[in-house]
Amino acid sequence: MYGAGNIYEMAMRYIGNVSLVLIFLLFLIHYYKKGTQIETKRYHVIFILAFVLVLNDLSLRVVGRIVSYATYYRFFWAIPVVFLIGYGIVNVLIRTKEKSKKTVIILLFVLIFFLSGSGLPDWILRLQMPENRYHIPEEVIQVVSIIDQERSQERPVIVASFDVLLHIRQYDASFIWGINRRSVRNVLGGVEEDRLESLPDLVFHVVQNGWWDESRVGDLQQAVDELEIDYLVTLTYFDLGDFLSEIGFVAVGGTNTYTVFVRQF
Amino acid sequence: MIQLTLSLLLVLLHMVIFGLFGVGVGKILKLDIGGLETLLLGFFSFFAVMQFVYLPSMLLKVGFHIFVLIWAVVMLVILGAIVICFHKRIGEVGKAIYHELYTTKKSLFFLTVLIFVILVLFQGLWNHHGFDASFYIGTVNTTLYTDTMYLYNGETGRIATSIDMRYALSGAFYMNTAFWCRILNLPALMVQKYTMGTLTMILHTLVAFLIGRKVFVNNVKHAYLFTSVVLLVNVFFTSSIYTTSTFLLLRTFESKSVGANVVIPAVFYIALCIWKSKEAGSYWKLLFVFSLASVPIAMSMIVILPMMVFVLMVAEYVCKRDKKVLLQGGISLVPNAVYTVLFFLFLQRIWLIQI
């Protein structure tokens with residue numbers, strides 16, 4: 001979790017919306033109060049150890065150096081939020097004898113859950129029926145097919161629009177990314193041209209955003225030479241044919257959305 | 001269609017193998033556990049055993065096809081021995097599983113199955129994966145393409161300068177995918193997404209059911225209700241991209257999702273069993289096996305799991321004042337301690353395997 005400087009920030013980001021965690025805390029307090037002597041003792045030890053060992057900024061700094069600060073939030077996975085909420089709800093339903101009261105309780109929980117900030121409504125809208133058995137964009141397979149028809153390298157180096165780049169090696173591992181994740185993140189994060197960190201960033205900025213600048217042709221040429229790029233795949237909409245020809249790339253085919261350019265030596 | 005069918009049949013094959021492993025390890029460790037617990041034990045035992053073949057193969061940089069051969073032979077010998085020596089127990093476990101799942105309240109059973117199937121379909125249809133999925137599936141695919149294990153960067157496909165132990169130490173989970181892809185000539189994309197995604201969902205549901213049976217004192221009806229509610233609560237505990245439920249639904253086939261939604265809940269289940277049992281010897285042994293398999297399944301467990309075990313151990317000692325608990329818990333800390341030391345040496349660049 002990048003940017004969370006302390007445990008409190010980390011917890012808030014982990015939780016997102018607080019409503020389900022409030023239900024969790026309510027059930028936790030309820031069962032703590034109802035617990036037997038030995039159970040209460042157990043809760044005390046667990047709480048103290050959890051805070052002493054994990055849920056404090058010192059542990060974040062020390063243990064974070066081993067496991068990485070960005071993944072320290074995973075300690076929160078040890079808190080059985082879902083199971084305690086499930087247990088609480090089932091107990092409430094078991095103890096409620098009248099059907100009408102049970103219905104009201106269920107509706108109340110449903111309402112709370114729908115206010116919990118779940119990503120579900122958005123996810124359902126984003127679900128897609130598979131275009132193929134791999135459930136990756138069909139155009140990625142088409143791009144590979146175009147390249148296969150004319151390639152001479154066993155392991156071609158490719159830089160492509162993000163969607164193609166992300167899926168191409170999952171489908172065909174003979175390809176090599178011409179850039180790395182950092183460059184992709186830099187460009188997708190919206191860095192301005194004069195603040196692009198490196199030549200790989202520049203190449204990806206051209207391919208991903210259709211950006212071109214005659215004054216940077218030399219840099220781009222240097223980038224494709226150093227990175228030994230064989231193929232560029234970019235949106236056809238950008239119409240980069242003329243620009244890319246200045247650095248030795250020609251179009252060899254395309255799909256509905258993408259054009260594949262190969263380097264001419 | 002054949003590949004898709006095989007990918008889904010592979011789920012069943014995994015469950016059978018897990019069941020057999022569970023029977024074998026259960027008998028060897030003389031565990032007094034139920035049928036479903038045997039199945040869960042089998043999942044962990046499988047990876048616990050596999051790491052002893054995988055790690056030397058990876059560290060010695062042997063060809064992947066050699067690892068496949070060795071692991072296939074080892075697995076067949078183990079499974080054969082289990083079937084021959086413990087065939088009676090296999091039948092007992094099968095019957096036990098049936099009895100543990102049986103309920104007269106069929107509506108609750110079908111409700112649970114329905115919710116489970118919907119979630120399996122959801123995770124199978126979800127295809128907005130990110131860099132990590134690309135990395136892991138790329139790793140499996142690269143293994144198959146280059147016949148090497150962790151000598152190439154899984155994301156970029158470029159050869160690495162040294163083996164990245166952050167991923168290689170816990171590579172058993174993904175090499176299992178690669179193994180079956182090689183054996184059955186299946187694409188990595190399908191096996192990782194469909195087979196392993198479905199398995200994760202099955203195992204999470206299994207652990208939820210076991211927890212339900214434990215907290216509701218073997219009332220199967222309430223256990224089904226609990227499982228249904230837990231699966232539904234998972235759908236809503238997704239208000240950030242970091243929660244266990246978000247990983248369960250959107251990143252099901254990644255090893256860290258298995259860690260978050262199977263390994264950690266399984267340890268929580270063991271904790272419940274220890275708390276509620278007078279004689280917990282079998283559960284401490286189970287905990288050891290879970291610990292032994294935790295890092296081969298997910299690197300995230302390298303520190304999280306021993307933290308949980310340590311807290312459980314100290315809490316039990318304080319409550320029961322039984323020093324045996326410290327020994328039993330301490331033994332369970334050993335596997336992750338070894339991995340932590342190795343990983344630390346790698347991070348400090350003291351232990352590097354150059355390529």
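## Helix pair α13(B) and α15(B)

From α13(B), the residues W284(B), L287(B), F288(B), S291(B), L292(B), S294(B) and V295(B) meet Q328(B), I331(B), S332(B), P335(B), N336(B) and Y339(B) of α15(B). Two residues are in contact if their C-beta atoms, placed from the backbone, lie within 7 Å. By class, the residues of this contact are eight nonpolar, five polar and no charged. Nonpolar covers Ala, Val, Leu, Ile, Met, Phe, Trp, Tyr, Cys and Pro; charged covers Asp, Glu, Lys and Arg; the others, Gly among them, are polar.

Helix α13(B) spans residues 281–297, and its axis comes within 9 Å of that of α15(B), with a crossing angle of roughly 5 degrees. Axes are lines fitted to C-alpha atoms, for helices over the stretch in contact, and angles run from 0 to 180 degrees between N-to-C directions. The two helices, α13(B) and α15(B), are therefore roughly parallel (angles under 35 degrees). Helices (H or I, at least four residues) and strands (E, at least two) are DSSP runs numbered from the N terminus.

## Basis of the model

The model is predicted: local features need pLDDT of at least 70, side-chain atom pairs count only at pLDDT 80 or more, and totals for chains, interfaces and linings use all residues. Residues are numbered from 1 along each chain as its sequence is written, while chains are lettered from A and ligands numbered from 1 in the order in which they are written.

## L342(B)

L342(B) lies in α15(B), residues 323–347. Leaving out residues up to four places away in sequence, L342(B) touches M165(B), L169(B) and W351(B). L169(B) is 173 residues from L342(B) along the chain, with a C-alpha separation of 8.8 Å.

L342(B) has 16 other C-beta atoms within 10 Å and is partly exposed. A residue is buried with 20 or more such atoms within 10 Å, exposed with 12 or fewer, and partly exposed in between.

## Chain A and its interface

Chain A has 13 helices and five strands. An automatic or database assignment divides chain A into domain 1 (7–126) and domain 2 (138–263), whose C-alpha centres lie 45 Å apart. The C-alpha trace spans about 80 × 45 × 30 Å along its principal axes. Of the 265 residues in chain A, 34% are buried.

In the interface, 59 residues of chain A are in contact with 58 residues of chain B. The largest share of the chain A side, nine residues, comes from α5(A). That side has 38 nonpolar, 13 polar and eight charged residues.

Conventions: Angles under 35 degrees count as roughly parallel, over 145 as roughly antiparallel, 65 to 115 as roughly perpendicular and the rest as oblique.
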